[in-house]
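This briefing describes a protein structure for a reader who has the sequence and the model at hand.

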Amino acid sequence: MKTSRVSDDEVIRAIANSKSMQAASNALGLDVSALYKRRRNIEHKRKEKIEAPTDHKKKQYEHLQISLTHPHQNNLGILNGVVIVFSDAHFWPGVHTTAYRGLLWAIKELQPKAVIANGDIFDGAGISRHARIGWSSAPTVIDELKACELAMGEIEETAKQARSNVSLIWPLGNHDARFETFLAANAPQYEHVKGFSLKDHFPAWQPCWSVWINETTCVKHRFKGGIHATHNNTLWAGTTIVTGHLHSLKVTPLSDYRGVRYGIDTGTLAEPYGPQFRDYTENSPLNWRSGFAVLSFHNGKLILPELVMPHGPDSIEFRGRVIPLTK
């Protein structure tokens with residue numbers, strides 16, 4: 001095969017001097033999948049990474065996201081009490097879902113020590129890396145920001161009325177990252193200007209990548225993917241871990257010699273068939289569920305996690321009850 005007639009040094013030079021792996025494969029006359037395999041073999045043999053210009057671009061974005069100036073980890077040290085975790089609100093102008101109204105009810109009723117907005121509060125439909133679908137329209141960035149500020153402000157006010165010293169925590173989601181990623185790519189000269197970081201618009205919420213409620217329970221936007229994500233999350237994390245991202249709203253227990261821990265998906269605060277998702281899901285059936293999670297701790301140990309989900313347009317299900325919501 002031709003791959004054997006191209007030297008390792010030629011492969012390295014072609015990758016380094018090309019705009020993409022496809023361009024390098026064209027220059028060498030190789031199939032791109034064969035070039036990826038050859039690249040891995042050379043890296044293994046030489047014990048060093050072969051970097052293409054696209055790798056540097058990825059690193060730039062990775063650095064950008066890491067430098068969004070949040071602390072990478074927040075530690076709450078909560079041993080007793082309630083923590084409410086919601087995620088994937090994708091707040092949309094003019095839309096207040098049943099799950100959102102249920103969240104406000106739960107905060108008033110349960111008086112949590114912390115409320116955690118576990119990522120993807122902002123959708124960023126208009127600045128997505130994905131191409132526009134047909135003639136579909138999306139809210140402007142300012143309209144989305146106003147919707148987020150309104151909703152997050154109401155959650156903040158409700159939480160502080162319920163408990164004066166409540167902690168408001170916000171692990172970043174991949175949709176949230178669109179805000180700064182777009183600006184860094186298109187207007188890098190404005191770095192550090194107030195308002196050009198998403199967190200500037202939510203000053204009451206403490207941003208981070210992950211938050212540890214205590215030594216046994218971690219909350220972050222995403223970890224593993226796929227239908228078995230909650231199982232794999234707690235298996236690989238070695239502790240109870242609460243994630244969003246997949247909109248599945250479920251609890252998966254895992255037992256071993258050390259006891260029981262949980263993989264928890266907090267679903268979506270949005271409606272699964274809401275306007276945020278209508279076009280890119282192509283009106284397909286979705287194994288998604290609207291709702292959020294209630295975590296109760298006793299002496300540092302998590303009691304069986306509870307889920308809250310809509311029962312109807314004006315009611316929620318919680319602890320075996322159907323609870324009506326005021327309009």
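Are α2 and α4 roughly parallel or roughly perpendicular to each other? The axes of α2 and helix α4 (residues 32-46) cross at roughly 115 degrees, and angles of 65 to 115 degrees count as roughly perpendicular, so α2 and α4 are roughly perpendicular to each other. The model is predicted, and the points below are grouped by topic.

**Overall composition**

- The protein contains 9 helices and 15 strands.
- Of its 327 residues, 47% are buried.
- Among contacts between residues at least 6 apart in sequence, 64% join residues at least 24 apart.

**Packing of α2 with α4**

- Two packed helices are described by the angle between their axes and the distance between the axes.
- For α2 and α4, the axes come within 11 Å, and α2 passes α4 in a left-handed crossing.
- On the α2 side, the contact is made by D8, D9, V11, I12 and I15, which meet L35, R38, R39, I42, K45 and R46 of α4.
- By class, this contact of α2 with α4 has 5 nonpolar residues, 6 charged residues and no polar residues.

**Packing of α2 with α3**

- Helix α2 (residues 8-16) and helix α3 (residues 21-28) have axes that come within 8 Å and cross at roughly 135 degrees.
- At that angle, α2 and α3 are oblique to each other, and α2 passes α3 in a right-handed crossing.
- E10, V11, A14 and I15 of α2 make the contact with M21, A24 and L28 of α3.
- The residues of the contact of α2 with α3 comprise 6 nonpolar, 1 charged and no polar.
- V11 and I15 of α2 take part in the contact with α3 and also in the contact with α4.

**Packing of α3 with α4**

- The axes of α3 and α4 are 9 Å apart, and the two helices pack at an angle of about 100 degrees.
- α3 and α4 are therefore roughly perpendicular to each other.
- From α3, the residues M21, Q22, A24, S25 and L28 meet V32, L35, Y36 and R39 of α4.
- The contact of α3 with α4 divides into 6 nonpolar, 2 polar and 1 charged residues.
- L35 and R39 of α4 meet residues of α3, and L35 and R39 also meet residues of α2.

**Buried positions in strands**

- I169 lies in strand β4 (residues 167-171) and has a relative accessible area of 0%, so I169 is buried.
- Leaving aside residues up to four places away in sequence, I169 touches N74, L76, V115, I116, A117, W205, Q206, C208 and V211.
- V83 belongs to strand β2 and counts as buried, with 0% relative accessibility.
- Beyond residues up to four places away in sequence, V83 touches I78, P112, A114, I116, I213, A293, V294, L295 and F297.
- V83 and S167 are separated by 84 residues in sequence and by 9.4 Å in space, C-alpha to C-alpha.
- I116 is among the residues touched by I169 and among those touched by V83.

**Loop positions**

- T97 is located in the loop between β2 (81-86) and α6 (98-110).
- The relative accessibility of T97 is 8%; because buried means under 20%, T97 counts as buried.
- Residues up to four places away in sequence aside, T97 touches L269, A270 and E271.
- Most residues other than glycine have a negative phi.
- L249, which is not a glycine, has a positive phi of about 50 degrees; L249 is found in the loop between β8 (240-243) and β9 (250-256).
- E282, likewise a residue other than glycine, has a positive phi near 55 degrees; E282 lies in the loop between β10 (259-265) and β11 (292-298).
- Is each of these two positions buried or exposed? L249 counts as buried at 4% relative accessibility, whereas E282 counts as exposed at 67%.

Note on methods. Residues numbered from 1 in each chain as written. Predicted model: local features only at pLDDT ≥ 70, side-chain atom pairs only at ≥ 80, totals over all residues. Heavy atoms only, no water. Helix = DSSP H or I, 4+ residues; strand = E, 2+ residues; numbered from the N terminus. Buried < 20%, exposed > 50% of the residue type's maximum accessible area, 1.4 Å probe, protein only. Contact = heavy atoms within 4.5 Å. Axes fitted to C-alpha atoms, helices over the stretch in contact; angles between N-to-C directions. Parallel < 35°, antiparallel > 145°, perpendicular 65-115°, else oblique. Left-handed = near helix turned anticlockwise from the far one by under 90°. Nonpolar A, V, L, I, M, F, W, Y, C, P; charged D, E, K, R; others polar.
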